[in-house]
Structure formats: C-alpha cells, structure tokens
Amino acid sequence: MKSSHPLAALSLAAFLLGAGVPAAAGDGHDHGDAAPAVAGTALPRFAAVSETFELVGVLDGKQVTLYLDRFADNAPVRGAKIELEIAGAKFSAQVHGDDAYEVVLKEAPKPGVLPITATVTAGTEVDLLAGELDLHEAPHAEEAVHEHSWKEVAGWAIGGLAALAVLVLGGRRVMAARQPQTGGAA
C-alpha cells in the first residue's frame with residue numbers, strides 16, 4: 001500500500017508558500033486607489049519652550065515660519081512681537097496670517113547645529129526662549145531601493161519546493177529502511 005504523505009507534504013508546502021504572495025485584483029475588482037505616498041522630505045524645525053510660551057519654527061530655504069502658543073493651553077498668541085537671533089544674526093518677525101509669524105533670512109543656513117534665541121513680547125509679558133536648529137545635508141536620491149521581481153520570487157518558491165521534495169523523499173527512504181522486513185523463511 002502506497003502512502004500519500006509526500007503528496008500531502010508537497011501540497012501543504014505549496015499552500016504555505018502561496019499564502020505569503022499578495023493577491024492581485026483584476027480590473028474593476030479593486031477597492032479604489034491606494035493611499036498616496038508621501039513625497040518629498042520633512043522641513044527642518046526647532047522648538048523653544050518656557051513656562052509661558054511655546055515657539056515652533058519651520059525652515060523652508062530662507063524663510064522661517066514661526067508658530068507661537070501659550071504653554072498652558074496651546075492657544076495661539078496673536079499680536080506678539082518676536083525678535084529672533086539665529087547663529088548671532090538678529091531678525092524681527094512679521095505677522096503672517098492669523099496664527100503665524102515669518103522671518104526671511106539673508107541666505108539659507110548651512111548644515112550644522114544653529115543656536116536660536118527668541119525674545120517674545122505679548123502685551124505685558126516678556127519671555128526669553130532658546131532652542132537649536134539641527135540641519136543635515138540632503139540624503140542622496142540616487143540610492144535605489146531593491147524591489148523583488150516575480151521571477152525572483154518564483155525562483156525562490158521553486159527552490160523551496162525542490163528542497164522540500166528532497167527532504168520528504170529522503171525521510172521516506174529513511175523510514176522505509178527502519179521498518180522491519182516481514183515474511184521470509186519458515
């Protein structure tokens with residue numbers, strides 16, 4: 001009587017290997033567009049905090065956009081006067097929209113860590129805030145990410161099935177050699 005264990009093992013291996021491969025929907029059977037990938041890099045930013053205020057600055061080239069909030073309730077501070085000192089150069093921020101301020105630098109800062117000091121005057125409150133802007137060189141865009149093609153995945157799958165078949169057949173021969181032989185001389 002022949003055993004069907006090797007066939008069952010091969011079927012199970014094929015099923016398990018196929019379970020890791022994503023299914024592809026045909027035309028009209030997908031669930032809409034995938035979530036859009038984030039393009040570009042995040043802009044460098046700094047934060048300076050005191051017991052009264054929180055100041056966040058976002059650098060975009062030569063432009064620094066500042067957001068000033070109260071520390072206690074995160075409410076935006078409007079109509080404040082902000083004097084900014086970046087790496088020894090002094091700037092006066094201008095109101096930009098309802099909840100933001102803006103400083104335009106003479107030139108874009110070079111990579112490195114820049115000390116930032118802000119003097120904030122809001123009504124009768126005056127506060128000094130300090131922070132750092134850590135700038136790094138732009139990453140190299142020419143570094144490509146390795147993507148696996150279907151041929152590469154198929155090659156690994158076929159190789160795995162072949163190795164499994166060798167193991168099953170070898171195990172079957174070992175098991176057959178261990179079984180006592182019946183019949184014989186009387």
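1. Basis. The model is predicted: local features need pLDDT of at least 70, side-chain atom pairs count only at pLDDT 80 or more, and totals for chains, interfaces and linings use all residues. Residues are numbered from 1 along each chain as its sequence is written, and side-chain values use heavy atoms, with hydrogens and water left out.

2. Five strands follow the order 1-2-3-7-6, with antiparallel pairing. Strands are DSSP E runs of at least two residues, numbered from the N terminus; two of them pair if DSSP finds at least two bridges between them. Strand 1 and strand 6 (94-96) are the edges; each has a single partner strand, so one side of each lacks a neighbour in the sheet.

3. Strands 1 and 2. Five bridges join this antiparallel pair. A47 faces V56 of strand 2.

4. S50. This residue sits in the loop between strand 1 (45-49) and strand 2 (53-60). S50 counts as buried because its relative accessibility is 14%, the cut-off being under 20% (1.4 Å probe, protein chains only). A polar atom of its side chain lies 3.2 Å from the backbone nitrogen of T52. Leaving out residues up to four places away in sequence, S50 touches F71, D127 and L129 (heavy atoms within 4.5 Å).

5. Strand 4 (residues 81-86). I82, L84 and I86 form the covered face; K81, E83 and E85 form the uncovered one. Strand 4 pairs antiparallel with strand 8 (residues 112-122) over six bridges, where I82 stands opposite V120.

6. Hairpin. Strand 4 also pairs antiparallel with strand 5 (residues 89-92), over four bridges. E83 has S92 as its bridge partner. Two residues lie between the strands, and A87 takes a positive phi near 50°.

Conventions: Buried means under 20% relative accessible area, exposed over 50%, partly exposed in between (1.4 Å probe, protein chains only). A polar contact is a pair of N or O atoms within 3.5 Å; within protein, one must be able to donate a hydrogen and the other to accept it, and residues adjacent in sequence count only if both atoms are side-chain atoms.
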